[in-house]
Amino acid sequence: MEKDSTSAVGADALAIPLLTPYQMGKFHLSHRYVVYCPFCRTPSSESSDMDATLVLSLRTIWVLLLFGCWVCVRIVLAPLTRQRSYGYVPQPHAILYYSQRTTKGGLLIAEATAVSDTAQGCGRYKDAPGIWTEEQVEAWKPIVDAVHAKGGIFFCQLWHVGRVSNAGQAPISCTDKPLIRRSNGGDVNRFTPPRRLKTEEIPQIVNDFRIAAKNAIEAGFDGVEIHGAHGFLIEQFMKDQVNDRTDQYGGSQENRCRFGLEIVEAISNEIGADRVGIRLSPFAPYNQCSDSKPEALGLYMAESLNRYGIAYCHVVEPGQKTGGEQLLSVLPMRKAFNGSFMTSGGFDREGGNRALAENRADLVAYGRWFLANPDLPRRFELNVPLNQYDTSTFYTPDPVIGYTDYPFFV
C-alpha cells in the first residue's frame, strides 16, 4: 500500500525536536494539529478551526488521538527592531506583521521597546516603539489582541539603549566613554558622548523598567523580556570593558551585574517572576561592549537569576572561528539556570533541531528567517525552501515592503 505524503509529514513532525511540545513555566507552548484523517481522506487544519460535524463525530476523536501531533512549540519569534513605529508609537500595520507570524501556542517576542524618554536613542532609533506613555500602551493593545486572537503568547522586550545614541543631548550610561567608529584608518565619533549616571539616579532607571513592565501587562502582553544584551544600557553596566565605575555598580563582577539584577527583581515583584525573561549576550562585543571573562560573566548571571525564579533566560550564541570551531559555549549557563533556556544566533532548521536534540536549549529563537518566512514553523514542518530575507529593507519605514509582503508557502 502506498504511503500517503500527508501522513509522512505528520510522522516527520513527530521526529523534529523543534516541533515537540514544551511547558515554559505556566505557558504551554503547543497546540493540537490533525495531520491526516484516514476515513475522510482529507487533510485537516488546526483542530480549533475544524468543521463542526467532524468535531462531533466519534471517529474524529479517534483520529485526533492516533493521527494528530503537537506542532510549532519550540520555535520562537526573536525580538527584531523594525523601525516602523513612527514617533515611538506602535502603528496599525504592526497588527498584520505580528499576526502573520502567530501560530496557536507559539511564543513571540516583540521588538525592542523603550522604557522611557531617555531610553530610545533618538535619531538612531527614532521609529522604535515605546511603552512609557498612555498613548503607546493604547497603541499596543490591538496588536497584542491580534496575536491572542490566533492563540499566540506574546512577550514585550523592554529596552534602554544607554550610550548607543546619537541624540542631541548626552545619553545616559554607566560611563562617560563614547562609542567610536573606525573609518578610513582614523577614529570618528559616531554617537553622542554619554553622561555617567550618578549613583543616586540609578534607582529611577530601575523604576522606569518596572513601570514599563506594568504598562506592558496593561497593554495585554503575557510577559516581558528584559533586554540585557547587544551592548545596550544593562550590558554596559555588566561588562568590564565599558563599566569604569568605582561605586557599588562598578568594579567586581557582582557590582557590575547589580543594576541588571535590580531590574529583574523590581519587575518580578511588579508583575510576577513567571512573566519575566531576560536576554543576555555575554560572549558578543556588540556596540563595542565586551568583557574580559565572558564565560564567568554569563555563568554568574545564570546562577544569580535563579534567586528570582523567572520564566526563561534567552542567550545569544557565541560566534565561531573559521572552520566552524566553537569559540565559547553556553552550556555552563544552560546547566546553571533552573528555568527555561532559550538560544538564538543564526540557526537554521538543522541547527535548531540539533541544539534541542543535544539539550543545549529548550527553545530556539529565530529572527531573520522568521521575518522572511511568516509561516516558518509550517515550512520547518514540511521541510520546504525558505524565502530569502532582504537586508536593505530591515530598518526602512515602509509599512509593507520588507515587513508584511513576504509570501507564505502554498
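Helices in these views are DSSP runs of H or I with at least four residues, strands are DSSP runs of E with at least two, and both are numbered from the N terminus. Everything shown comes from a predicted model.

**View 1. The whole chain, before zooming in.** The protein chain has 410 residues, and 56% of them count as buried. Its secondary structure comes to 13 helices and 17 strands. Take the contacts between residues at least 6 apart in sequence: 74% of these join residues at least 24 apart.

**View 2. The largest pocket and what lines it.** This pocket has a volume of about 1,300 Å³. Its lining runs to 42 residues, and the ones nearest the centre are His230, Arg279, Tyr286, Gly345 and Arg368. Which elements each supply at least two residues of the lining? They are strand S8 (153-159), helix H11 (349-357), strand S17 (363-366) and helix H12 (368-372). H12 gives the most, with 4 residues. Sorted by class, the lining holds 20 nonpolar, 14 polar and 8 charged residues.

**View 3. His230, at the pocket centre.** His230 is one of the residues nearest the centre of the largest pocket. Look for it in the loop between strand S13 (223-228) and helix H7 (233-238). Is His230 buried or exposed? Its relative accessible area is 17%, and buried means under 20%, so His230 is buried. The backbone is worth a look too: phi is positive here, about 60°, although His230 is not a glycine.

View 4. In soluble globular proteins, nonpolar side chains tend to be buried together. Here, the largest nonpolar core has 86 residues. Those with the most contacts inside this core are Tyr98, Leu158, Phe221, Phe259, Ile267 and Leu305. Leaving aside residues up to four places away in sequence, Leu158 touches Thr113, Val115, Ile131, Phe209, Ala212, Ala213, Val224, Glu225, Ile226, His227 and Ile267. A second, separate core has 16 residues, including Met24, Ile109, Ala311 and Ala365.

**View 5. Helix H4, tucked inside.** Why is helix H4 (residues 93-100) described as largely enclosed by the rest of the structure? Because 6 of its 8 residues are buried. The buried ones are His93, Ala94, Tyr97, Tyr98, Ser99 and Gln100. They pack against strand S5 (75-77), strand S6 (107-109), helix H5 (134-149), S8 and H12. Tyr98 has turned up already, as one of the residues with the most contacts inside the largest nonpolar core.

View 6. The structure holds 4 cavities of 30 Å³ or more, and the largest cavity has a volume of about 50 Å³. Lining the largest cavity are Arg84, Ser85, Pro90, Gln91, His93, Ala94, Tyr98, Glu111, Trp140 and Tyr403. H4 provides the largest share of this lining, 3 residues.

**View 7. Phe341 in strand S16.** Phe341 sits in strand S16 (residues 340-344). With 0% relative accessibility, Phe341 counts as buried. Not counting residues up to four places away in sequence, Phe341 touches Cys313, Val315, Val330, Met333, Arg334, Arg360, Ala361, Asp362 and Leu363. Ala302 is 39 residues from Phe341 in sequence, and their C-alpha atoms are 9.9 Å apart in space.

View 8. Phe380 lies in helix H13 and counts as buried at 2% relative accessibility. Setting aside residues up to four places away in sequence, Phe380 touches Ile16, Leu18, Ile75, Asp348, Arg349, Tyr366 and Leu386. How many residues along the chain lie between Phe380 and Ile75 as their separation? They are 305 residues apart, with 9.6 Å between their C-alpha atoms. Asn383 falls in the segment after helix H13 (376-382). Though not a glycine, Asn383 has a positive phi of about 55°.

Note on methods: Residues are numbered from 1 along each chain as its sequence is written. This is a predicted model: local features need pLDDT of at least 70, side-chain atom pairs count only at pLDDT 80 or more; totals for chains, interfaces and linings use all residues. Side-chain values use heavy atoms; hydrogens and water are left out. On a 1 Å grid over the protein atoms alone, a cavity is a set of points where a 1.4 Å probe fits but cannot get out, and a pocket is an open set with protein on both sides within 12 Å along at least five of seven lines; lining residues have an atom within 4 Å of a point. Grid points are joined across faces, edges and corners, and a volume is the space filled by probe spheres set on the points. Ala, Val, Leu, Ile, Met, Phe, Trp, Tyr, Cys and Pro count as nonpolar, Asp, Glu, Lys and Arg as charged, and the others, Gly among them, as polar. A nonpolar core is a set of buried Ala, Val, Leu, Ile, Met, Phe, Trp, Tyr and Cys residues joined through side-chain atoms within 4.5 Å. Buried means under 20% relative accessible area, exposed over 50%, partly exposed in between (1.4 Å probe, protein chains only). Contact means heavy atoms within 4.5 Å.
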